[in-house]
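Visitor: Hi, I have a new structure to look at. Can you walk me through it?

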Amino acid sequence: MLFANAPARAEIDPGDLTLTVTPERNGNADPFSREMVLLRIRGVYRQPILLEEVIQPSLANFSWTQLGRDTWSKTRLPDGQVAIAFDRVVAIFPHHAGDFTIEPFLHRLTVNDGGVRKVVDVPSPPVQLSVANWTKPVGGPDAKEPWWLPAREVTITDSWSPDPETVKIGESTRRIVTLEAHGMVAEGLPPRPVMRTRGILTFAGPVTRETIITPTGPIARATYQWDVRPAIAEVIPLDAIIIPWFDTVSRTLREAEIPARQIGGGLPDREEDAKPITPASPLVVVGAALAAFGLGLALVGFGAPTRSRQRLDRATRRALVLAAAAGDATAFRARLAPVLQGAPDLARAWRADPAIAAGLDALDGTLYGRGSVTAPDLTDLARRLGRPVRAAAPTGTDRGRLADLDGRA
């Protein structure tokens with residue numbers, strides 16, 4: 001209808017049919033190799049168009065992909081007249097540095113010229129495009145490592161099923177990491193990262209890649225998969241995986257991170273603990289009360305009740321494991337300090353264990369210079385501190401909370 005409703009002109013004047021190609025540079029800077037550049041192709045036609053065909057140049061030295069379909073619309077010109085506008089967006093990716101000429105695009109139009117069908121070729125002017133050399137000391141398109149990843153934005157999602165902290169020997173968990181980069185095609189994403197550490201078996205799954213076309217540019221997506229199985233009955237720290245990338249907007253090197261996790265850790269919080277308690281029947285309540293009364297009498301006869309088992313909370317256990325994996329004794333001690341001050345029963349139990357007591361003394365000696373000591377094995381110490389312990393009985397020198405009121409100096 002755009003073509004049919006446009007009035008026929010008696011002849012084609014210069015300027016009636018124009019085609020331009022405009023490169024859109026990130027940050028208004030010359031791109032680097034394999035960095036996306038958008039070519040915005042626009043035609044403005046005063047004549048009614050009957051048929052059309054775009055003939056694209058070879059684009060040597062570039063990879064390219066068209067973003068979406070061509071669009072046609074009406075536009076008003078500076079002189080007030082209405083014309084037909086044609087728009088196409090092509091993303092190109094230079095193969096290497098240098099100065100290049102993008103040869104003309106050609107729009108072959110069949111127009112109505114005074115009632116006569118006429119074929120007219122409308123070329124765009126050639127475009128000069130410079131691709132810069134990488135001059136920084138690290139990274140860049142030609143470096144073997146790290147992988148060159150130029151993008152407007154990079155996001156990472158990390159999921160496990162089941163939770164890796166619940167897995168024991170003989171069981172496995174599946175890890176799925178999804179990497180998305182805006183302004184790239186899927187072939188430019190890095191290969192599957194290496195996930196390897198002592199004490200686990202990893203089985204790499206397939207890698208899937210896809211390119212999602214959007215009006216602002218392609219989005220590349222890669223999904224990496226591993227099946228992970230612990231081989232030892234210990235907490236296994238899994239280090240974070242760093243993926244460097246080049247921010248094409250700010251023109252700086254940045255890092256994305258696949259987060260650190262731990263495998264194992266024992267006795268996680270169970271969903272059953274959070275379920276509401278079902279009200280007991282009156283008969284059960286009476287029976288429980290009698291049983292409790294009898295148990296109380298028995299305890300009076302047999303002395304003090306058995307001391308309960310205590311344990312570090314899950315968040316603290318994980319923080320200690322991560323600090324140990326990083327070899328950060330200061331962070332390890334800082335995380336432990338509130339527990340030593342706020343949980344005296346747990347601290348006494350640790351002091352009663354020769355191995356833990358020696359590890360804590362070595363930790364303090366290393367940090368605070370108390371004599372010549374050997375640095376502790378933080379991984380072993382984190383594992384021992386994470387175990388449930390039976391609360392130690394207070395020593396004879398411990399003073400109760402009401403000691404001063406009982407007449408003791």
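Visitor: Let's begin with the second largest cavity. Which helices each supply at least two residues of its lining?
Guide: Those are α3 and α7, the latter spanning 378–385. Keep in mind that this is a predicted model.

Visitor: Which one gives the largest share of that lining?
Guide: α7 does, with three residues.

Visitor: Which residues line the second largest cavity?
Guide: The lining consists of Val 235, Pro 237, Val 321, Ala 324, Thr 379, Ala 382 and Arg 383. By class, five are nonpolar, one is polar and one is charged.

Visitor: What volume does that cavity have?
Guide: The second largest cavity has about 30 Å³.

Visitor: And how many cavities of 30 Å³ or more are there?
Guide: The count is two.

Visitor: Back to α3. How does α3 pack against α4?
Guide: α3 covers residues 314–326, and α4 covers residues 329–342. Their axes are 8 Å apart, at an angle of about 160°.

Visitor: Why are they called roughly antiparallel?
Guide: An angle over 145 degrees counts as roughly antiparallel. The angle here is about 160°, so α3 and α4 are roughly antiparallel to each other. The crossing of α3 past α4 is left-handed.

Visitor: Which residues make the contact?
Guide: From α3 come Ala 315, Thr 316, Ala 319, Leu 320, Ala 323 and Ala 324. From α4 come Ala 331, Phe 332, Arg 335, Leu 336 and Val 339. In this contact of α3 with α4, nine residues are nonpolar, one is polar and one is charged.

Visitor: Next pair. How do the axes of α4 and α5 cross?
Guide: They cross at roughly 105° and come within 5 Å. That makes α4 roughly perpendicular to α5. Helix α5 is residues 344–352.

Visitor: Which residues meet there?
Guide: On the α4 side, Leu 336, Val 339, Leu 340 and Gly 342. On the α5 side, Pro 344, Leu 346, Ala 347 and Trp 350. This contact of α4 with α5 has seven nonpolar residues, one polar and no charged. Leu 336 and Val 339 also belong to the contact of α3 with α4.

Visitor: What about α6 and α7? At what angle do they cross?
Guide: Roughly 130°, with the axes coming within 10 Å. That makes α6 oblique to α7. Helix α6 is residues 354–368.

Visitor: Is the crossing left-handed or right-handed?
Guide: α6 passes α7 in a left-handed crossing. On α6, the contact uses Ala 355, Ile 356, Gly 359, Leu 360 and Leu 363. On α7, the partners are Leu 378, Leu 381, Arg 384 and Leu 385.

Visitor: Last one. What is the phi of Arg 34?
Guide: It is positive, about 70°, although Arg 34 is not a glycine. Arg 34 lies in the loop between β1 (17–24) and β2 (37–45).

Key. Residues numbered from 1 in each chain as written. Predicted model: local features only at pLDDT ≥ 70, side-chain atom pairs only at ≥ 80, totals over all residues. Heavy atoms only, no water. Axes fitted to C-alpha atoms, helices over the stretch in contact; angles between N-to-C directions. Helix = DSSP H or I, 4+ residues; strand = E, 2+ residues; numbered from the N terminus. Parallel < 35°, antiparallel > 145°, perpendicular 65-115°, else oblique. Left-handed = near helix turned anticlockwise from the far one by under 90°. Contact = heavy atoms within 4.5 Å. Nonpolar A, V, L, I, M, F, W, Y, C, P; charged D, E, K, R; others polar. 1 Å grid on protein atoms, 1.4 Å probe; cavity = no way out; pocket = protein on both sides within 12 Å on 5 of 7 lines; lining within 4 Å. Points joined across faces, edges and corners; volume = space filled by probe spheres on them.
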